[in-house]
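Here are my notes on the model, in numbered points. Please read them alongside the coordinates.

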Number of protein chains: 2
Amino acid sequence: MKYICEDKLVLLGAAGAIGSNMAQSALTLRLTPNVCLYDPFEKGLRGAAEEIYHCAFPGANVTWTTNIAEALTGAKYLVSSGGAPRKEGMTREDLLKGNCQIAEQLGKDVRQYCPDLKFCGVIFNPADITGLTVLVHSGLHPSKLGTLAALDSTRLQTALAQHFKVPQDQVKNCRTYGGHGEQMAVFASTAKVGRTLLTNLIGTEKLTNEQWAAIREHVRLGGKKVIELRGRSSFQSPSHQTLLTVKAIMDGKGYDWPVGVYVDSPENGFANIMMAMETTVTTEGISWAMPKGTEQELADLRTSYGHLVKLRDEVIGMGILPPISEWKKINPNL
Amino acid sequence: MKYICEDKLVLLGAAGAIGSNMAQSALTLRLTPNVCLYDPFEKGLRGAAEEIYHCAFPGANVTWTTNIAEALTGAKYLVSSGGAPRKEGMTREDLLKGNCQIAEQLGKDVRQYCPDLKFCGVIFNPADITGLTVLVHSGLHPSKLGTLAALDSTRLQTALAQHFKVPQDQVKNCRTYGGHGEQMAVFASTAKVGRTLLTNLIGTEKLTNEQWAAIREHVRLGGKKVIELRGRSSFQSPSHQTLLTVKAIMDGKGYDWPVGVYVDSPENGFANIMMAMETTVTTEGISWAMPKGTEQELADLRTSYGHLVKLRDEVIGMGILPPISEWKKINPNL
């Protein structure tokens, strides 16, 4: 029973549904025996840790702590699902501010306690913006930090497989890019159903324009649909896909889906933002390339980018992110 | 990305916490691509299935249905976590009766739709009795049906590791036998801490008799402690340990913990019961041997057996299990 590596993996928010699932899944995937669980809520954290102990993973060294310094010291991999959920009466802005403040503190903690992380995964919403906030404050190289973006693409794959009644992995190379929110850009031109380009199916009786529009809408609202059905947000798929990204950095065997990544490429029209692009994950971290698509798809991507710019500037206005002109002073890697 | 086998694995209760965790874990463990999710509650089941689809396991063929005939037909492995939880105002007898009625129906369904199961795992409580009920009504050979008993032993391992402050898997061969309830028999004489027999530590300053009594009590109440900490029953450890049993039958690589098994051995003083014994899991199924222990430990095992006999006879009294004299007519494999 070997593990891929011995590096310390710290999971923040480990008392929560995503975090506790990640603890179990990280060990089931045999990423590393050294898993540290952190959460500010001690009682739930102890309970989550007990469950993992009762799983009795051979060779595992699972620790838990409510002390962030202890959690982060020595960590080589970090995933944080530890945002605050939206509560009754909170506005979208309240949630944005609260979670970006958590992200700011996380960035500062990473800088202080584990500046040599091989990967920092940020998966609490809005992940594009909380990820960016962690990145700026942490000083990490952009290749070492990613946000969860895959679920939009896997939801597109799921919906197309269901529509065409084919096995899910016969629908290949599904891609959504840009923000991980309702403003995402859902691409058609990358995907194939079997050997047929999706674009050759759209607008035919096999997939009418109306059906395709409904699928895109379903993908955009993908997270809401799960809440409606289960009475709770997704937690299994975020856990699994995030750990596959971690695994790809550990074993260098690649990752199939887009990751949210820092993009600063004025020549392509995108600057100082985190969003899903076409990405490659290796043991060196995450790199990105411009998505290929139709003019309309690329216009959708710019629209999604514009939405993220507004959110980012809102967070700069709150004083949680500094003005862009100061970012390099805080994080020379940007 | 290979799977251990191609056999159909059906998970009953897949909308629930244990069942939906098993769906994810079975694919993460790469047991088989062919996983069928069943639950009578369609909405939650669809939500659980969507989450698994969004995980996008390569090669997976995950189906879901609320039709038990469709679920069971062609199944080679079955795990049922699909009992009813205890609700406000229900007595213990209400719960026993309700879940044993579910077990009776499950047994009859297995007989009708999938009599050639390679393994049937029954993990809804009281599992010793629901498992026995499924076994009698299904006609399965006793080697093909097991109940979850491991968590008592892994909780003992956890508690000893915490007491001695050693890595968990340095505490070896922890064993509880008999019923999976508060009447379980917690053995000391099988276990070692490092190279030292646990029995050589009990009653010393390293582990006083009082401390050992407290640990046994903690193990007996293990499930309750998790509920107290997490506000919900264990679901991750039951899922993981059950699937490791399934895996051992699929790959023949063995299983480390006791399984609840049918025992009919009047010469040893145990007849017509299911309980945790020293078990071996191979591709042929589950076999058992008499636990070795001190006189006191074996007396505790007989006490635990006596408790199960009372429960069994209560279920016979309810008419859910026939009188023992008729069992062989219903299930010639007994």
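**Notes on domains, chain contact and confidence**

1. This is a predicted model. Within chain A, 31 residues of domain 1 are in contact with 34 residues of domain 2. On the domain 1 side, the elements giving two or more residues are α1, β4 (75-80), α4 (92-113), β5 (119-122), α5 (127-138) and β6 (145-148) of chain A. The largest share comes from α5(A), with seven residues.

2. What is the make-up of the side of domain 1 of chain A that touches domain 2 of chain A, in nonpolar, polar and charged residues? That side divides into 20 nonpolar, eight polar and three charged residues.

3. The bounds behind these points: the domain assignment of chain A gives domain 1 as 8-148 and domain 2 as 150-317. Taken over C-alpha atoms, the centres of the two domains of chain A are separated by 23 Å.

4. Now the contact between chains. Chain A puts 37 residues in contact with 38 residues of chain B. On the chain A side, two or more residues come from each of α1 (17-28), α2 (42-55), α6 (150-164), α8 (222-230) and α9 (236-251) of chain A. α2(A) gives the most, with ten residues.

5. The side of chain A that touches chain B divides into eleven nonpolar, 18 polar and eight charged residues.

6. α1 of chain A deserves a look.

7. On confidence: chain A has a mean pLDDT of 96, and 100% of its residues reach 70 or more. For the complex, the predictor gives an ipTM of 0.97 and a pTM of 0.97.

Note on methods
Residues numbered from 1 in each chain as written. Chains lettered and ligands numbered in written order. Predicted model: local features only at pLDDT ≥ 70, side-chain atom pairs only at ≥ 80, totals over all residues. Contact = placed C-beta atoms within 7 Å. Helix = DSSP H or I, 4+ residues; strand = E, 2+ residues; numbered from the N terminus. Nonpolar A, V, L, I, M, F, W, Y, C, P; charged D, E, K, R; others polar. pLDDT = per-residue confidence, 0-100. Domains from an automatic or database assignment.
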